[in-house]
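Subject: Handover of a protein structure

Dear colleague,

Please find below the structure I am passing on to you, together with its sequence.

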Amino acid sequence: MKKKFITMLVLLMSLGLSFNSCSDNDDDPVEIKAELTVTPETLQFSALGGNDKIIVSTKLNSWTFTADPAETWCTATKANDTLKIEVGEFSEKTDRTAKIKVTSGNENKEITVIQKGVSTELSPETKEVTLNGFGTAIQIKITATDENWEAVADENSPWLRPSKEGEYLVIRATLTESDRNGTILLSLNDAKTTVTVNQTGASFNVGDLYLGEDGTAVGVIINKDEANNNIYIISTEERQIPFTNGTDNKVYIRTDNKDGKKALEILKAEENYKEKYTIATYCEEIEEKTKINGWYIAAGYEDEVWNALNDNKDVINNALKSSGNQELESSMEKYQEFWTSTPSFSAGDTYATSITMRKLDSSKYAWRIPSYRYIARCVLRIQYINE
């Protein structure tokens, strides 16, 4: 009996201790864990840069982040449960890394941002060039990992005309009377760089020499049409080309007797035009030699050309002579007759190779088929910008 009493007493004491223990726990604060996670914990960007986001999850109401202020290339922005990461372009070859710490309650997580260095080489020999008002081409050597690099004018520089020629970037521009500058964008895979182009305005006076890419005179300005912002240039080279004959009933509807450039475009649309129109292929030879496109034979009634040659003959001849080129004939006794792109109607159904001969120093045309050679000089009509 005594043993039972002792056992029950021990039991009652144990229950009392248990009740006291539960009562004590109810008075203590309960700690809520944040259970912080960041997804993903690592972001990787190419040298081109870009943006991405980290999803932050926590059971607490708030979280904060701390970024290394020295790594200004990596920008972090908090938005609700997202940490937005933005990285700029990178031109170095060695990778770079930034660390961002996210904190919620007593828990921390670290985010690693890696930007890869450029894996390709793309380097122009100079980062800035200057063009004259004519936009005469300049070449820049490009050192690149491979030949697939690209060059384009940026959207604010539509007047620039970049092109590739082997390992060189060739920069041309339209004509301008005002100074201006623009940018060419170079790219190859993840590598990008720029070239700044400054263009100095020109006055475009009659008698000014028009220079080719090698600095030699390829033409002379004969007319400045300010109403239409056009300048007309005659080639410094002239050639004596003999008459050739053929038949074609469509010759009259094909050509334009006031616009030689348009007439040449019409002829080039025909099959085998090089064999049929030998005078037209002469302009292509001038294009290849000068590396300037757009040369043509003036039309018979293209008075912007013929009147300018007559009115400004002395100034033009001075320019031709100073550059070591053949002058235009100026003697009234010895007319100099030029090929035009206008057919000679008296010749019947003839190819445009037997076209009208326009006489310098005369308002008349030679409507006969010549039995000897006549002079050919190509013309370039270019629109200029007057800002």
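Overall picture

Please bear in mind that this is a predicted model. The protein contains seven helices and 26 strands. It has 387 residues, of which 42% are buried.

Helix 3 spans residues 260–268, and its buried residues are Gly260, Ala263, Leu264 and Leu267. These residues lie on the same side of helix 3, because they cover an arc of only 100° around the axis. At the start of helix 3, aspartate 259 places a side-chain oxygen within 3.0 Å of the backbone nitrogen of lysine 261.

In helix 6, the buried residues are Val305, Trp306, Ala308 and Leu309. Their arc around the axis is only 165°, so they fall on the same side of helix 6.

Helix 7 runs over residues 313–322, with Lys313, Ile316, Asn317, Ala319 and Leu320 buried. They share the same side of helix 7, because the arc they cover around the axis is only 160°. The other side of helix 7 carries the exposed residues Asp314, Asn318, Lys321 and Ser322. What covers the buried residues of helix 7? The cover includes helix 6 (303–311), strand 18 and strand 19 (217–225). After helix 7 comes glycine 324, which has a positive phi, near 75°.

The largest pocket

The volume of the largest pocket is about 460 Å³. Its lining consists of 23 residues, and those closest to the centre are Arg172, Tyr210, Ile292, Asn293 and Ile382. Strand 14 (168–173), strand 18 (209–211) and strand 26 (379–385) are the elements that each give two or more residues to this lining. Which element gives the most to the lining? That is strand 26, with five residues. Sorted by class, the lining of the largest pocket is made up of 10 nonpolar, seven polar and six charged residues.

Two residues of strand 20

Strand 20 covers residues 230–235 and includes serine 235. The relative accessibility of serine 235 is 1%, so this residue counts as buried. A polar atom of the serine 235 side chain lies 2.8 Å from the backbone oxygen of glutamate 237. Beyond the neighbours within four places in sequence, serine 235 is in contact with Val218, Gly219, Trp295, Arg377 and Cys378.

Asparagine 230 is also found in strand 20. With a relative accessibility of 14%, asparagine 230 counts as buried, since the cut-off is under 20%. Its contacts, leaving aside the neighbours within four places in sequence, are with Asn223, Lys224, Asp225, Arg381, Ile382, Gln383 and Tyr384. Among these, Ile382 is also one of the residues closest to the centre of the largest pocket.

Serine 57 belongs to strand 3 (residues 50–57). Is serine 57 buried or partly exposed? Its relative accessibility is 38%, and serine 57 therefore counts as partly exposed. Apart from the neighbours within four places in sequence, serine 57 is in contact with Glu35, Leu36 and Thr37. Between serine 57 and aspartate 81 there are 24 residues in sequence, while their C-alpha atoms are 6.8 Å apart in space.

Glycine 105 sits in the loop between strand 7 (96–104) and strand 8 (107–115). Glycine 105 counts as partly exposed because its relative accessibility is 48%. From C-alpha to C-alpha, glycine 105 and serine 62 are 8.2 Å apart in space, and they are 43 residues apart in sequence.

Yours sincerely

Technical notes
Residues are numbered from 1 along each chain as its sequence is written. This is a predicted model: local features need pLDDT of at least 70, side-chain atom pairs count only at pLDDT 80 or more; totals for chains, interfaces and linings use all residues. Side-chain values use heavy atoms; hydrogens and water are left out. Buried means under 20% relative accessible area, exposed over 50%, partly exposed in between (1.4 Å probe, protein chains only). Helices (H or I, at least four residues) and strands (E, at least two) are DSSP runs, numbered from the N terminus. The arc is that of the directions from the helix axis to the C-beta atoms. A polar contact is a pair of N or O atoms within 3.5 Å; within protein, one must be able to donate a hydrogen and the other to accept it, and residues adjacent in sequence count only if both atoms are side-chain atoms. On a 1 Å grid over the protein atoms alone, a cavity is a set of points where a 1.4 Å probe fits but cannot get out, and a pocket is an open set with protein on both sides within 12 Å along at least five of seven lines; lining residues have an atom within 4 Å of a point. Grid points are joined across faces, edges and corners, and a volume is the space filled by probe spheres set on the points. Ala, Val, Leu, Ile, Met, Phe, Trp, Tyr, Cys and Pro count as nonpolar, Asp, Glu, Lys and Arg as charged, and the others, Gly among them, as polar. Contact means heavy atoms within 4.5 Å.
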